[in-house]
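Could you open the viewer and keep the sequence beside it while you read?

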Amino acid sequence: MSALARTLQATFGYTTFRPLQREICEATLAGKDVFALLPTGGGKSLCFQLPALLRPGLTVVVSPLIALMKDQVDQLVASGVAATFLNSSLDADESRRRLRGLHQGAFKLLYVAPERLMLDGWQENLRSWKVACLAIDEAHCVSEWGHDFRPEYRQLARLRAALPDVPFMALTATATERVRADIITQLKLREPTTFVASFNRPNLTYRVTPKDQPLKQVIDFVRRREHESGIIYCASRAATERLAEALAGRGFPARAYHAGLSPEERTQNQERFLRDDTRIICATIAFGMGINKPNVRWIIHHDLPKNIEGYYQETGRAGRDGLPGDCLLLFSPGDIAKQTHFLDQMTDAQEQQVARTQLRQIVHYAESAGCRRSELLGYFGETFALDNCGACDNCLEPRETYDGTVAAHKFLSCVYRIRQASRFTVGQTHVIEVLTGADTEKIRRWGHDRLTTYGIGRELTRSVWAAIGRELLRLGYVAVAEGEYATLDLTAEGMAVLRQRTPVTLTKPMDLPVARRAVRRTGDVACDELLFERLRQLRKRLADERAVPAYVIFGDTTLRAMAREYPTSVGDMAGLFGLGEKKRAEFGETFAREIAAYLETNSRQVFE
């Protein structure tokens with residue numbers, strides 16, 4: 001067994017690597033710069049934690065959030081790893097104590113925010129601490145093309161000169177090809193070995209449903225998952241508070257999280273969630289980046305996300321332990337109008353254009369009748385090999401189609417006639433106003449009330465025409481012009497459809513949701529559910545005594561393995577998933593006794 005594999009099992013309790021982990025570890029141990037793109041839950045952290053234990057010197061991990069630093073350090077210390085963090089949450093005495101430890105070589109890993117590395121004297125510190133690797137987590141923050149750009153990340157490139165012989169590692173869970181190239185350039189990575197894993201999260205199920213009485217929809221959803229942790233993402237601070245209050249008033253343990261709360265209240269609510277005292281967090285996007293809670297079982301998007309990258313990363317916070325996760329997006333055309341109004345207020349033309357493009361992409365995803373998984377992977381440049389993923393609403397319950405030839409031809413004809421008569425293109429709203437025979441100042445001024453297509457679409461409402469227009473855009477029959485104004489024009493394919501009178505099949509709009517009974521999700525690890533719940537309560541007591549999140553003791557996957565195998569001695573626990581040597585020594589006897597006590601009054605179940 002290699003040193004990597006031995007350390008993986010002894011320290012972290014894993015017998016196998018996840019895809020690309022071994023290769024990334026070997027590349028950084030060979031002294032190479034590394035760029036690694038692994039999906040959320042794909043095991044990014046292990047790629048710098050494991051090598052840190054096998055080489056001399058200190059591994060410095062750049063991390064953007066205080067909560068992430070504390071969370072990862074707690075888990076490392078519980079596994080017997082000498083790790084620490086430095087940030088503004090520490091008082092002066094504790095900071096000095098940790099700095100002394102760093103000067104004495106007492107730690108293998110240091111977590112720190114990017115701006116602290118730029119403080120006076122820190123470059124001298126880094127040189128004296130014998131830094132062996134600089135790992136930059138959430139590296140997409142360095143790119144202004146990313147969904148979460150942070151200017152302080154740009155300064156990290158200055159460390160290249162200060163630490164010329166130290167290998168850099170950049171890690172992210174979400175980045176388009178443009179962002180990947182920008183990360184490598186901005187961080188001045190030197191001929192990096194690049195690793196790009198699949199973006200597919202096979203344990204997640206994706207659903208989009210029309211938003212109708214959203215509070216009732218949310219309550220129905222969480223009621224079927226009463227003992228599970230989840231996050232509800234909302235577009236505004238006010239919405240998070242209203243929703244959290246409404247849920248709490250009905251007996252669901254829910255808290256709000258947004259940037260408008262005091263730091264103390266934010267920290268308290270987050271800690272309650274991490275420790276399973278609060279099951280539900282209603283949050284803006286201020287919550288979640290890097291939150292390493294593995295047993296989040298579901299994500300709801302109460303409002304339309306701003307872009308696909310953010311949506312992918314937010315849904316990726318479900319099922320980080322590899323067990324099933326449910327992702328629900330409540331979609332309303334009204335959300336498009338709200339975001340469009342917000343975009344209209346933006347003063348930077350380039351930012352506005354980027355934001356409009358991103359909005360079109362997420363609307364395309366929400367309204368698409370195709371496989372959700374395929375749509376998401378396609379955005380990141382990956383092809384999904386199957387026609388049916390079996391784990392999204394469109395694959396499980398395909399939507400009906402209809403002959404939309406007449407409507408499609410009317411819309412395409414209207415776009416064509418406007419362009420022909422005026423020698424310029426217009427936006428979708430104006431096209432729909434012409435179709436429905438609206439009497440507006442622009443229509444009169446431009447003479448569009450004299451077009452042959454004026455008023456030929458009065459039989460449909462504007463919202464229906466808008467949905468048809470967006471589907472024709474998805475089908476590639478019309479295109480949106482790049483630039484300040486999002487105007488429509490026919491593509492070559494759209495012109496061919498019009499000239500040849502080609503039949504067009506459209507998809508019926510999504511139906512309103514119907515109540516669904518709770519079912520076991522694909523991928524659930526079969527186990528004795530009664531024993532699992534008992535072990536979960538024991539874990540909670542142990543975690544509370546130590547003031548750490550429950551998963552720092554054991555993850556759900558480990559508890560399910562125990563509730564399946566029934567180990568009644570520490571020896572029986574050898575090889576169980578997630579059970580390293582230190583944790584087995586510290587907690588094994590306690591859990592073995594609990595299982596033995598359970599078996600005194602309950603029989604063993606047999607699982608296939």
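What follows is a walk through a few helices and the loops beside them.

First, some ground rules: this is a predicted model, where local features need pLDDT of at least 70, side-chain atom pairs count only at pLDDT 80 or more, and totals for chains, interfaces and linings use all residues. Residues are numbered from 1 along each chain as its sequence is written, and side-chain values use heavy atoms, with hydrogens and water left out.

Let's begin with helix α2, residues 21–29. (Helices are DSSP runs of H or I with at least four residues, strands are E runs of at least two, and both are numbered from the N terminus.) Its buried residues are Gln 21, Ile 24, Cys 25, Ala 27 and Thr 28; buried means under 20% relative accessible area, exposed means over 50%, and partly exposed is in between, using a 1.4 Å probe and protein chains only. Looking down the axis of α2, you'd find these buried residues within an arc of 165°, so they line one face of the helix. The arc is taken from the directions that run from the helix axis to the C-beta atoms. An α-helix has 3.6 residues a turn, so residues three or four places apart point the same way. The cover over the buried residues of α2 includes α1 (3–12), β1 (34–37) and α3 (46–54), along with β5 (131–136), β6 (168–172) and β7 (193–196); contact here means heavy atoms within 4.5 Å. After α2 comes Gly 31, with a positive phi near 85°.

Now jump along to α23, residues 492–500. Gly 494, Met 495, Val 497 and Leu 498 are its buried residues. Their arc around the axis is only 160°, which puts them on the same side of α23. That buried set packs against α19 (405–422) and β16 (488–490), while the face turned away carries the exposed Ala 492, Arg 499 and Gln 500.

What comes after α23? Arg 501 follows the helix, in the loop between α23 and β17 (505–507). Phi of Arg 501 is near 55°, a positive value in a residue other than glycine. Most residues other than glycine have a negative phi.

Next up is α24, residues 529–546, which packs with α26, residues 556–565, at an angle of about 130° and with the axes 9 Å apart. Axes are lines fitted to C-alpha atoms, for helices over the stretch in contact, and angles run from 0 to 180 degrees between N-to-C directions. The two helices are therefore oblique to each other; under 35 degrees would be roughly parallel, over 145 roughly antiparallel, 65 to 115 roughly perpendicular, and the rest is oblique. On the α24 side you'll find Glu 529, Leu 531, Phe 532, Leu 535, Arg 536 and Arg 539, meeting Asp 556, Leu 559, Arg 560, Met 562 and Ala 563 of α26.

α24 has another partner in α27, residues 581–601: their axes come within 11 Å and cross at roughly 145°. The contact includes Leu 538 and Leu 542 of α24, and Phe 587 and Phe 591 of α27.

One last stop is Ala 547, in the loop between α24 and α25 (550–553). Its phi is positive too, near 55°, and with a relative accessible area of 37%, Ala 547 is partly exposed.
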